[in-house]
Amino acid sequence: MTNVTLVAGFLLVGFSDSQELQIVYGVLFLVIYLAILMSNLLIIILTTLDLQLQTPMYFFLKNLSFLDVFLVSVPVPNFIVNSLTDSNSISTLGCAFQLLLITSFSAGEIFVLTAMSYDCYVAICCLLHYEVIMNGGACVLMAGVSWAVGGLFGALYTTGTFFMPFCGSNVIPQFFCDVSSLLRISCSETLLVVYTSIGIGMCLCMSCFICIVISYVYIFSTVLKIPTTKGQLKAFSTCFPHLIVFTLFIITACSLYLKPSSNPPTVIDRLLSVIYTVVPPVLNPVIYSLRNKDMKRALMRLVHKTCGQESHSI
């Protein structure tokens, strides 16, 4: 039998060996993280307080913002602290929690985006029955299933990964714990549990992808039958933000997980992981709010209401 040294903890690799550059990266990530928090929390506040935004689309958008905040809050604050304190260690339990939360929130985002595509489909293709189909109970059920299945998938994924022993090198060449890096340092001869969970995840993701594609095939075919260009543009504007967000999420995920792994991993691999975890939460509020008149009006109403209360108190 070969003697192996079991890993008790892991070392996360930063973006530079220079402490000065690591501090710069830490401050940069801190600024980005605060921007993500403020923009997504603003969406959550507006969609919660404004009565005119109490619609299925904004209900799912609020869930998406919650998931974005939770997803980016798992790896980024840890990276910021490590960069500013010149520490890169993480316990096995901490790594397992990171993997559990990241996979759960990522899977949850996929399911929420799928629910949003169904909402767009019903809004355009079944407009007369929209309020009946997309009632409050149905929206809560779809959101609840998205969170629950995401959490179940994360638990399955994490259990499968940490079911196997780790030995030899304890260096994870990313700024957070991810499955591909953990598989490289596994000394298990059988990865059946891991590959089973990965296969289940791929089936779920492909099912969501197929559902979204089918929804947009029906949406586009319905919109193109609208006789006026103005009507077509109005219908497309309802679903374009979701389509852009979904495309962005899929591209960043595929660029990270379907890219052939380098051995050892390069800076490009780490950059792709940053793009996957940071870029969608940054751009989602911009895409949904920048050209959304309802969100702008809701923000103005909130500002006027807040300013009015302050002037009355004075």
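**Figure 1. Overall layout of the chain.** Starting at the N terminus, the elements come in the order β-α-α-α-β-α-α-α-β-α-α-α-α-α. That gives eleven helices and three strands in the chain, where helices (H or I, at least four residues) and strands (E, at least two) are DSSP runs numbered from the N terminus. The model is a predicted one, so to speak of local features takes a pLDDT of at least 70, side-chain atom pairs count only at pLDDT 80 or more, and totals for chains, interfaces and linings use all residues. Residues are numbered from 1 along each chain as its sequence is written, and side-chain values use heavy atoms, with hydrogens and water left out. Of the 314 residues, 43% count as buried; buried means under 20% relative accessible area, exposed means over 50%, and partly exposed is in between (1.4 Å probe, protein chains only). Among the contacts with a separation of 6 or more, 78% come from residues 24 or more positions apart, a contact being heavy atoms within 4.5 Å.

**Figure 2. Helix α1 packed on helix α3.** Here α1 (residues 19–49) meets α3 (residues 76–85) at an angle of about 150°, with the axes 8 Å apart. The axes are lines fitted to C-alpha atoms, for helices over the stretch in contact, and angles run from 0 to 180 degrees between N-to-C directions. That makes α1 roughly antiparallel to α3 (angles over 145 degrees count as roughly antiparallel, under 35 as roughly parallel, 65 to 115 as roughly perpendicular and the rest as oblique). The crossing is left-handed, meaning the near helix is turned anticlockwise from the far one by less than a right angle; clockwise would be right-handed. On the α1 side look for residues including Y25, F29 and Y33, and on the α3 side for residues including F79, I80 and L84. The contact residues split into eleven nonpolar, four polar and no charged. In this count Ala, Val, Leu, Ile, Met, Phe, Trp, Tyr, Cys and Pro are nonpolar, Asp, Glu, Lys and Arg are charged, and the others, Gly among them, are polar.

Figure 3. Rings of Phe, Tyr and Trp (its six-membered ring) pair if their centres lie within 6.5 Å; planes under 30 degrees apart count as stacked, over 60 as edge-to-face and the rest as tilted. The pair ties together distant parts of the chain: Y121 belongs to α4 (residues 92–125) and Y218 to α8 (residues 192–223), 97 residues apart. Y121 is partly exposed at 22% relative accessible area, and Y218 is partly exposed too, at 47%.

Figure 4. F153 and Y157 make a tilted pair, 5.1 Å centre to centre with 40° between the planes. Both lie in α6 (residues 136–162), four residues apart, about one turn of the helix. F153 is buried, at 13% relative accessible area, and Y157 also counts as buried, at 15%.

**Figure 5. A four-ring cluster.** F29, F79, F175 and F176 form one aromatic cluster. F29 and F79 are also among the residues where α1 meets α3.
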